[in-house]
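Subject: A structure for you to look at

Hello,

Here is the structure I promised to pass on. Please open it alongside this note, and I will walk you through what turned up.

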Amino acid sequence: MLSAVSIMASSWIVKRIFEYANAGMGPNKIATLFRQEQVPCPSWWLHQRGEKQYQKRFERPANKYEWSHTVIRNIISNPLYLGHTVMCKTEIVFKVGKFKKVPEAEQIRVENTHEPLVSQEVFDGANAKILSRRRDTTDNFVSIFSGLVKCGTCGKALGLRYWTGKRHRVYVCTTYAHNTKACTDHRIFYDDLYDAVLADIQYHAQLAYEDRDKAVALAIRMNDKAEGSRAKSSEGKLKQARKRYDEVTRMFDRLYEDSLSGRISNDNFTRLVDKYQAEQAQLLEQIDALERAMQEVRDTRQNAIQWADLMAEYAGIQELTAENLNLLVERIEVCDRAATDDGVEQTIRICYRFGGYIGERCFRARVLKHPSRKRGADDEKALLVS
């Protein structure tokens, strides 16, 4: 871990780590990339500044660029780069002379002790990507969809497998892989997924580029078809609640005046006070709830605008990469295959950043025979939709 003194001099490295992690790279890949680019590792920086002595380690010059994936993972999860300081993370066990990790709840955390290197959004995004990453295959292939593809039924991740030897890659529900009764396989061929996601991004990016207002309206409508009427209804109810609250407040004032002048008895005064106070409390709760609802509507519209502006930047996109996928998409849900008279259909739902679930994309899925035995057309169709 870099010390607080070391942070600023090597800040460009830390920022690049978070940038790569947010783009979907795992710690191993980042470490390999840093070795290739000859980026100095943290222990070299500490040695160079005299904070720690590593004479033997750096007798071999190439060790200056030996990055560990564990170090990168620790940097990504370290709140130090958010501007916070965490103390008492370990304690020594005197009997054996070893250190043990202190539970997070017992550590001492001090907020905003120094200038942050990354924003909370970047920090959370990088950590979410790292937690969701899995090694997809046993070869060197790493899917650009790592951490994004989920089962449309159980919500768990889909794992990448091979179909017919190593000729075709296919995503399969991991819940189904462990227990065939717990879910269905929700499988989708990698190439089908790629083509469907690219087509959906191309369509919405072109829409946002040509007609921003239409794209914004689409995002709002698809996230909540009743958003417009709900907003109008909440606005009207909020006006009524505020008006009634003002009326009750004025009645309180008149009530005290009547009590002081003797125009109302003490019993009636007490009864009415309790009644008005209860109504005021109820109105305040209602006003608070309606204001939150109105804020949600404003947030939805603002998010829709951000989504449209972001998508417009990718008008004309021709290729998907881990970088542009992770900038545009939060998750992709794969639904079951369905047999039709014309073949097999597949549906995916894409949750876009800021935009949410804009819609569904249905496409004709590929049909491939399993190599284990010959199947007729009916057997093959049953296999694909099982």
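Two strands pair if DSSP finds at least two bridges between them. Helices (H or I, at least four residues) and strands (E, at least two) are DSSP runs, numbered from the N terminus. The model is predicted, so local features need pLDDT of at least 70 and side-chain atom pairs count only at pLDDT 80 or more, while totals for chains, interfaces and linings use all residues. Residues are numbered from 1 along each chain as its sequence is written, and side-chain values use heavy atoms, with hydrogens and water left out.

Let me begin with the strands. β7 (residues 168-173) and β8 are antiparallel partners joined by 2 bridges, and Tyr 171 sits opposite Ile 188 of β8. They belong to an open, antiparallel sheet of 3 strands, ordered β6-β7-β8. β6 (158-163) and β8 (188-189) are the edge strands with a single partner each, so one side of each has no neighbour in the sheet.

Another antiparallel pair is β11 (residues 343-352) with β12 (residues 356-364), held by 7 bridges. Within it, Arg 349 has Glu 360 of β12 as its bridge partner. The hairpin has 3 residues between its strands, and Phe 354 there takes a positive phi near 70°.

Now for the helices. α2 (residues 11-22) packs against α5 (residues 69-77) at an angle of about 90°, their axes 10 Å apart (axes are lines fitted to C-alpha atoms, for helices over the stretch in contact, and angles run from 0 to 180 degrees between N-to-C directions). The two are therefore roughly perpendicular, a label for angles of 65 to 115 degrees. Val 14, Ile 17, Phe 18 and Ala 21 of α2 meet Ile 72, Ile 75 and Ile 76 of α5 (contact means heavy atoms within 4.5 Å). Several α2 residues are buried, including Val 14, Ile 17, Phe 18 and Ala 21 (buried means under 20% relative accessible area, with a 1.4 Å probe and protein chains only).

What follows α2? Gly 24, just after the helix, takes a positive phi of about 100°. Ala 23 lies in the loop between α2 and α3 (27-37), and at 10% relative accessibility Ala 23 counts as buried. Leaving aside residues up to four places away in sequence, Ala 23 touches Ala 322, Glu 323 and Asn 326. Ala 23 and Ala 126 are 103 residues apart in sequence, yet 8.1 Å apart in space, C-alpha to C-alpha.

Conventions
Parallel < 35°, antiparallel > 145°, perpendicular 65-115°, else oblique. Buried < 20%, exposed > 50% of the residue type's maximum accessible area, 1.4 Å probe, protein only.
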